[in-house]
Amino acid sequence: MPNPERENLGYPFFEFHTPLRIYHVTENSPAALAGLLAGDELLSVNGMGISSGYGFVKYLQNNHDSDVRLRICRNGNEIHDIPLNVRTYEKLTPEILGLEFLVLIGGVFDGTPAERAGLRVRDQIVSIAGQRICSTVDMQRIIGENPGGN
């Protein structure tokens, strides 16, 4: 249900696509060395379900001193126990890991700015206000910096 306080800020109301799909993997990054590929869908990290890039990175930040095992879906097949080395990084971000996530719309609420703008299920958010979107965190930050759609 839309939140009138956010509506006044011009915040588009929609749900994100899950599982989290990788849009790009930087060459020679921790993600590339782990064998992750563009198009892979992150299903879980150490058995915990992942629904956003922010949630994924936050989990890694809170557990960077432990072994990280990923479960992904690649071309319709689940792959288990992909090790991701994060122990050598004090601050983790998608960029440090070499990941860019695909931001897809999973649903649009009726009567919201997102609906009026013509956003539809499965649309991909590529940029907002001329700034590239690599995660839902990027998107929320940029929208917050541009209230009212400016």
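Student: Which residues have the most contacts inside the largest nonpolar core?
Tutor: This is a predicted model. Its largest nonpolar core holds 23 residues. Those with the most contacts inside this core are L36, F56, L60, L70 and L99.

Student: Which element gives the most to this core?
Tutor: Several elements give two or more residues to the core: strand 2 (20-25), strand 3 (41-45), helix 3, strand 5 (69-74) and strand 7 (99-102). With 4 residues, the top contributor is helix 3.

Student: Which residues does L60 touch, leaving out residues up to four places away in sequence?
Tutor: L60 is one of the residues with the most contacts inside the largest core. With those sequence neighbours left out, L60 touches V45, V68, L84, V86, L92 and L97.

Student: What residues does the second, separate core include?
Tutor: This core is separate and has 8 residues. Among them are V103, I125, I133 and I142.

Student: Which way do the residues of strand 7 point, and are they buried or exposed?
Tutor: In a regular strand the side chains alternate between the two faces of the sheet. In strand 7, L99 and F101 point one way. E100 and L102 point the other way. As for burial, all of these are buried.

Student: What is the bridge partner of H24 in strand 7?
Tutor: Strand 2 and strand 7 pair in the antiparallel sense. The partner of H24 in strand 7 is E100.

Student: Which residue in strand 6 is the bridge partner of I72?
Tutor: Take strand 5 from both sides. Strand 3 pairs with strand 5 in the antiparallel sense over 4 bridges, and L42 stands opposite I72 there. Strand 5 is also joined to strand 6 (residues 77-83), antiparallel, by 5 bridges. In strand 6 the partner of I72 is I79.

Student: Which residue in the hairpin of strand 5 and strand 6 takes a positive phi?
Tutor: This hairpin has 2 residues between the strands. The phi in question is near 55°. The residue that takes it is N75.

Student: Why does G39 count as partly exposed?
Tutor: G39 is found in the loop between helix 2 (30-33) and strand 3. Buried means under 20% relative accessible area, and exposed means over 50%. G39 counts as partly exposed because its relative accessibility is 38%.

Student: How many Å apart are G39 and R74 in space?
Tutor: In sequence, G39 and R74 are 35 residues apart. G39 also touches R21, I22 and C73, not counting residues up to four places away in sequence. From C-alpha to C-alpha, G39 and R74 are apart by 7.1 Å.

Student: Which element gives the largest share of the lining of the second largest pocket?
Tutor: The second largest pocket has a volume of about 160 Å³. The elements that give two or more residues to its lining are helix 3 (53-62), helix 4 (94-97) and helix 6 (136-145). The largest share, 5 residues, comes from helix 3.

Student: How many nonpolar, polar and charged residues line this second largest pocket?
Tutor: The pocket is lined by 12 residues. Y54, V57, T93, P94 and V137 lie nearest its centre. The lining divides into 5 nonpolar, 4 polar and 3 charged.

Student: What percentage of the residues of the protein chain count as buried?
Tutor: The chain has 6 helices and 10 strands. It is made of 150 residues. The share that counts as buried is 39%.

How values were computed:
Residues numbered from 1 in each chain as written. Predicted model: local features only at pLDDT ≥ 70, side-chain atom pairs only at ≥ 80, totals over all residues. Heavy atoms only, no water. 1 Å grid on protein atoms, 1.4 Å probe; cavity = no way out; pocket = protein on both sides within 12 Å on 5 of 7 lines; lining within 4 Å. Points joined across faces, edges and corners; volume = space filled by probe spheres on them. Nonpolar A, V, L, I, M, F, W, Y, C, P; charged D, E, K, R; others polar. Core = buried A, V, L, I, M, F, W, Y, C linked by side-chain atoms within 4.5 Å. Buried < 20%, exposed > 50% of the residue type's maximum accessible area, 1.4 Å probe, protein only. Contact = heavy atoms within 4.5 Å. Pairing = 2+ DSSP bridges.
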